[in-house]
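Hi,

Here is the structure I promised to pass on. Have a look at it first, and my notes follow below.

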Amino acid sequence: MQAMVASLSQSGSNIWNVAYKELKTYFSSPMAYIVAAAFLAITGFFFVASVSDAFSEASIRGFSAGAIFFMIFLSPALTMRLLAEEQKLGTLELLLTSPVREVEIVLGKFIASFLMLVIMLSLTLYYVLVLFRFGVPDTGPIYTGYLGMILYGATTLSVGLAASAITSNQLVALVVGAGTLTGLTVVGFIAERLSGTAAEVLNGFQLGSSFQTLDVSNFAVAQGGHFADFSRGIINFGDILYYLGMTGVFLLLTVVLLQSRRWR
Amino acid sequence: MIKVEHMTKMYGAYPAVIDVSLHIKKGEVVGFLGPNGAGKTTTMRVMTGYTPPSEGNVSIAGYDVISHSLDARRHIGYLPETVPLYLDMEVSDYLRYMGQMRGMNKAWINERLPAVIDVVKLGDYRNSFIQKLSKGYRQRVGIAQAILHEPDILILDEPTIGIDPAQVVETRALIKELGGEHTLILSSHILPEISMICRRVLVIHDGRLVADDEPANLSERLRRTERIEISVRGADSVSDIISSLRDLSMIVDARRDPSVAANRGSVEGVIPLLIDARPDQEATENVARTIVEKGWGLTNMHMIPMSLEEIFLELTTDESLGE
């Protein structure tokens, strides 16, 4: 029992040590600032576009539609370095010969990127302040919108991290990560053209964003899949399960990919 | 301390290491010797738990590297050939991080860090970004991370490759020092390095362990020819001596050797020669008898021990020497 507790606390400190180091690297490299700036600029544009009509509703739906769409590219940009660079520098060999489990390395890196996402999202609370200053927004969809963005973001980061595990080239990691997320976005598009079980299954995997985001006049349909209910102020257990499940699956895949490096 | 039993490592269908067995005791300083691609790095990677063996068992300090991998890894300090470092970190931050990864707590790191930085002489660079350091200094950072957590076993893969000659001398001296405190395994394709630092040499060639001995014994045991240097006075011509020596059954070759003359200074009428003979057939006695029976003077005779370099070449080239 005592040994188990000691081992768990060792795992916890390994995870935190990895996460802390990666967070520090984020703040000392330009990449994180570039991604954060791009995120704020893009979501800022969508926010302004969605609330600047004479009769527009005071909500974050326009902002969240833009945010989740561009996370398809920005999340893999945040994670692309995390494992690809370790492979390029060869430092992965030192980590994997240290008394550290693969899962601890993966969780540490994931947590670092997740905290970056939370920091980025917390900067957008400024939009919410603007809404309350100039309008009377419904608070429910704001809470659920942020909850949804955090869950959706975690999923995109886990996909990006898995992509980073397969290559020593950051650019490849970015393309594979963004490509996979695009695939999970367009399945809804394909499902519309099918019927029956296939359509239902494909729809079930729809991540939540839609290319209709780019039609700035029509935010109502810009959020589909598992994100739609969050944007309307509804918390659906199935949606939460989907995001947590997808995140878990891709983190597990990342661990397996790292372990498989040993066998090559 | 380290037990490798019938270990084979395949990369796909290609065998990188074939049926290697070896035991390394606590405190031993062992050198892996072999050309590039011989299987040295693969053997080390299996020992460190980075890659599992395809067949056979490997244990470190009693822990199997597969079934008790974390326990086995705790005993190891490892520096891969590529010297992997996070270039965007400061030296001391990097060492702290590696210490944490090796399971050290804060107090232990704080206590060890200044001592280790001192040992590898990185004092002036402790707050430099690793990116800015020269290859030689990066190597020291690499060694520092390997010894920080006071491991029982230190595994260094080609620790002097690619650094400038002045730093190589220092690095070798440092490694030799470390050998006093750790069970040390070092790989190299540079022979003087191994014979300078190690008391045991494992020669690896084409994935097989082809020799395992002390440098001196290796030289003795693996000799296929004996080399004898003689100086002869009073002969009419060099060819007279050479032809009479070649009549002896155990003599492979005899020749006039200008380098011997240059080393010893030429004396009027004395002819220096080098003789290659088959071992264990009393070559020296037979040569001496022949010279004396001819009525010449034998002014000098001694055996030349073959250098490790030559043994190495002999071990690792397919043509056998003296044919």
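Let me start with a crossing in chain A: helix 5 of chain A and helix 7 of chain A cross in the right-handed sense (right-handed if the near helix is turned clockwise from the far one by less than a right angle, left-handed if anticlockwise). Before I go on, this is a predicted model, where local features need pLDDT of at least 70, side-chain atom pairs count only at pLDDT 80 or more, and totals for chains, interfaces and linings use all residues. Residues are numbered from 1 along each chain as its sequence is written, with chains lettered from A and ligands numbered from 1 in the order in which they are written. Helices (H or I, at least four residues) and strands (E, at least two) are DSSP runs numbered from the N terminus.

Back to that pair. The axes of helix 5 (residues 102-123) and helix 7 (residues 139-165) of chain A come within 10 Å and cross at roughly 140° (axes are lines fitted to C-alpha atoms, for helices over the stretch in contact, and angles run from 0 to 180 degrees between N-to-C directions). That makes helix 5 of chain A oblique to helix 7 of chain A (under 35 degrees is roughly parallel, over 145 roughly antiparallel, 65 to 115 roughly perpendicular, the rest oblique). Among the residues in contact are F110(A) and F114(A) from helix 5 of chain A, and G153(A) and A154(A) from helix 7 of chain A (contact: C-beta atoms, placed from the backbone, within 7 Å). The contact residues divide into 12 nonpolar, 3 polar and 1 charged (Ala, Val, Leu, Ile, Met, Phe, Trp, Tyr, Cys and Pro are nonpolar, Asp, Glu, Lys and Arg charged, the others, Gly among them, polar).

Helix 3 (residues 61-89) and helix 8 (residues 170-191) of chain A have axes that come within 8 Å and cross at roughly 140°. So helix 3 of chain A is oblique to helix 8 of chain A, and the crossing is right-handed.

Next, the two chains: 18 residues of chain A are in contact with 22 residues of chain B. Helix 1 (2-28) and helix 4 (91-96) of chain A each supply at least two residues of the side that touches chain B. That side of chain A divides into 6 nonpolar, 9 polar and 3 charged residues.

Chain B has an open sheet of 4 strands, order 2-1-4-5, with antiparallel pairing (strands pair if DSSP finds at least two bridges between them). Strand 2 (14-24) and strand 5 (63-64) of chain B are at the edges with a single partner strand each, so one side of each lacks a neighbour in the sheet.

Cheers
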